[in-house]
Amino acid sequence: VQLQASGGGLVQAGGSLRLSCAASGSIFIIDDMGWYRQAPGKQRELVAAITSGDTTNYSDSVKGRFTISRDDAKNTVYLQMNSLKSEDTAVYYCNAHMSTGWPHRWSEYWGQGTLVTVSS
């Protein structure tokens, strides 16, 4: 089982990017999914999360600018990032709580990270 993140890049302040993260492998069911980020010299922090019932949660720093969504048919979580600021520059990691069989075998999985650089 793996998570593959994509969509990072260089963008000017005020611009937009859309990150994607697809889960693949022997997946039985996916519960919560989310995006974290880690800026240079800082700890990894939660950016946004979404439950299997589509309840969302955002950090205060991105609320109103970022939108998390998921497509369960594609085992994919997205992060639409608008009105980007220089302080959004970081490596973004996707995360998923998944079971690989029945009875449930739950584990946390992480993507490889994708770099988002916002130039001011």
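**Figure 1. Asp60 and its salt bridge with Lys63 in the predicted model.** Asp60 is exposed, its relative accessible area being 67%, which lies above the 50% limit for that class. The partner of Asp60 in a salt bridge is Lys63. Between these two residues, the closest N and O atoms are 3.1 Å apart. In total, the structure holds 5 salt bridges.

**Figure 2. The salt bridge between Asp72 and Arg70.** The two side chains meet with an N to O distance of 2.8 Å. Asp72 has a relative accessibility of 44% and therefore counts as partly exposed. Arg70, at 12% relative accessibility, counts as buried, because the class covers values under 20%.

**Figure 3. The salt bridge between Asp88 and Arg37, and the network to which these residues belong.** The side chains of Asp88 and Arg37 meet at 2.9 Å, N to O. This pair links distant parts of the chain, its members being 51 residues apart. Asp88 is located in the loop between β8 (76–81) and β9, while Arg37 belongs to strand β4 (residues 29–38). Both Asp88 and Arg37 are buried. Salt bridges also connect these residues into a network made up of Arg37, Glu45, Arg65 and Asp88.

**Figure 4. The disulfide formed by Cys21 and Cys94.** The structure holds 1 disulfide, in which the sulfur atoms of Cys21 and Cys94 are 2.0 Å apart. The torsion about the S-S bond is about 55 degrees, so the disulfide is right-handed. Cys21 lies in strand β3 (residues 17–24) and Cys94 in strand β9 (residues 90–99); the pair therefore ties together parts that are 73 residues apart in sequence. Cys21 and Cys94 are both buried.

Figure 5. The side chain of Thr114 reaches the backbone nitrogen of Gly8 at a distance of 3.1 Å. When neighbours within four places in sequence are left aside, the residues in contact with Thr114 are Ala5, Ser6, Gly7, Gly8, Leu19, Ala90, Val91 and Tyr92.

Notes:
Residues are numbered from 1 along each chain as its sequence is written. This is a predicted model: local features need pLDDT of at least 70, side-chain atom pairs count only at pLDDT 80 or more; totals for chains, interfaces and linings use all residues. Side-chain values use heavy atoms; hydrogens and water are left out. A polar contact is a pair of N or O atoms within 3.5 Å; within protein, one must be able to donate a hydrogen and the other to accept it, and residues adjacent in sequence count only if both atoms are side-chain atoms. Contact means heavy atoms within 4.5 Å. A disulfide is a pair of cysteine sulfur atoms within 2.5 Å. Helices (H or I, at least four residues) and strands (E, at least two) are DSSP runs, numbered from the N terminus. Buried means under 20% relative accessible area, exposed over 50%, partly exposed in between (1.4 Å probe, protein chains only). A salt bridge is a side-chain nitrogen of Lys or Arg within 4 Å of a carboxyl oxygen of Asp or Glu.
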